Amino acid sequence: MAFPTETVYGLGADATNQDAVARIYTVKGRPSGHPLIVHIASIEQLNKWAKNIPEYAIKLANFFWPGPMTLILPRTEIVKGFITGDQDNVGIRIPEHSVALALLKEFEVQGGLGIAAPSANRFGKVSPTSADDVIVEIGDQLLEFDQLLDGGTSQVGIESTIIDCTKENPIILRPGAITAEMIKRVLTIELKQGSISGGDLKAPGLLESHYAPNAKVFLSGSLKPGDGFIAIESQVTPAGAIRLASPKDNIEFAQILYKALRLADSKKIKSVFVIAPQGEDIAIAIRDRLQKCAIKNKLKEFSS
Ligand code: TXA
Ligand code: MG
């Protein structure tokens with residue numbers, strides 16, 4: 001079942017059912033071995049999935065859940081290798097979206113333990129932030145009994161902050177709407193910076209492009225007439241460019257970024273210039289995604 005969350009839409013399956021989880025990989029076209037985030041309804045369920053939870057992780061969970069934050073924790077025995085890419089840890093999140101929470105609660109009532117869900121896009125592509133986007137991404141893969149819940153537009157617009165809580169200190173692996181500054185306000189322990197492709201945790205490889213539309217994304221350089229342009233409202237559209245979005249602040253930038261990249265593809269625009277937002281708030285996460293989708297241009301240059 002594809003379902004809305006406050007970050008992006010997810011493609012969900014019973015996290016304890018190997019066949020159901022295998023279908024996620026088929027529908028996404030995702031190589032096996034990439035770990036999935038398990039979504040749960042309430043903090044009470046956390047102990048079913050994770051053990052030896054450090055005190056700082058409990059603080060984070062109490063403070064930011066439900067919300068756009070995923071914690072990587074040592075796993076219990078019910079967590080199988082097909083969820084974690086055979087690692088001894090698991091990513092857990094309680095999303096803050098009424099439809100997602102209703103789904104998770106109903107699943108719990110029916111005896112379910114958690115829903116494994118990656119973003120509901122094809123592997124390497126832009127995450128969907130509306131039900132229509134899900135149809136564009138994977139509509140042709142859905143079968144008769146698959147379902148898509150429409151919960152409107154995702155309010156955050158980019159994927160959750162991922163924090164590795166398997167070490168003495170918490171490490172941010174993927175920046176998101178829960179920023180380092182917000183985390184530091186809650187914790188006394190030192191927060192470190194990591195990356196999802198570095199370190200000893202298994203995750204999508206360094207050289208793969210992610211979050212990428214068909215159009216090439218440029219963060220600098222010179223713009224040609226007919227190129228797409230995305231920037232904060234106060235930036236004037238260069239002559240000849242096609243303005244795809246004019247967010248008024250960084251929060252809105254995150255909300256509309258993926259929609260604007262999709263718009264470029266639907267208009268068959270070949271190159272999109274993005275003036276990356278400034279600042280240390282959610283702008284950090286936006287710059288992270290932009291850099292990853294801009295990598296595709298470099299990979300194409302290598303191979304041509
Ligand atoms: O906001 C989100 O996190 C969305 C919504 C649907 O919850 N989900 C999402 O899932 O973005 P996905 O699979 O598209 O991205 C999760 C990232 C992947 O890069 C995955 O490799 C990494 O998190 N990940 C998941 N579990 C992990 C684990 N146990 N250890 C290390 N990385 C993990
Ligand atoms: Mg994803």
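Analyst: Two strands pair if DSSP finds at least two bridges between them. Keep in mind that the model is predicted.

User: How many bridges join strand 12 to strand 14?
Analyst: Strand 12 covers residues 228-230, and strand 14 covers residues 271-274. The two run parallel. Pairing takes at least two bridges. The number joining these strands is three.

User: Which residue in strand 14 is the bridge partner of Ile230?
Analyst: Look across from Ile230 into strand 14. The bridge partner there is Val274.

User: Which are the edge strands of the open sheet of four strands?
Analyst: The strand order is 11-14-12-13, with parallel pairing. An edge strand pairs on one side only.

User: What distance separates a polar side-chain atom of Ser160 from an oxygen atom of ligand 1?
Analyst: Ser160 is one of the residues that come nearest to ligand 1. A polar contact needs N or O atoms within 3.5 Å. For Ser160 the distance is 2.6 Å.

User: How much of the accessible area of ligand 1 does the protein cover?
Analyst: On its own, ligand 1 has 680 Å² of accessible area. The protein covers 97%.

User: Which strand gives the most to the shell around ligand 1?
Analyst: Strand 4 (37-39) and strand 6 (89-93) each give two or more residues. The most, four residues, come from strand 6.

Notes:
Residues are numbered from 1 along each chain as its sequence is written. Chains are lettered from A and ligands numbered from 1 in the order in which they are written. This is a predicted model: local features need pLDDT of at least 70, side-chain atom pairs count only at pLDDT 80 or more; totals for chains, interfaces and linings use all residues. Side-chain values use heavy atoms; hydrogens and water are left out. A residue is near a molecule or strand if one of its heavy atoms lies within 4 Å of it. A polar contact is a pair of N or O atoms within 3.5 Å; within protein, one must be able to donate a hydrogen and the other to accept it, and residues adjacent in sequence count only if both atoms are side-chain atoms. Accessible areas come from the Shrake-Rupley method with a 1.4 Å probe; for residues, only the protein chains shown count as cover.
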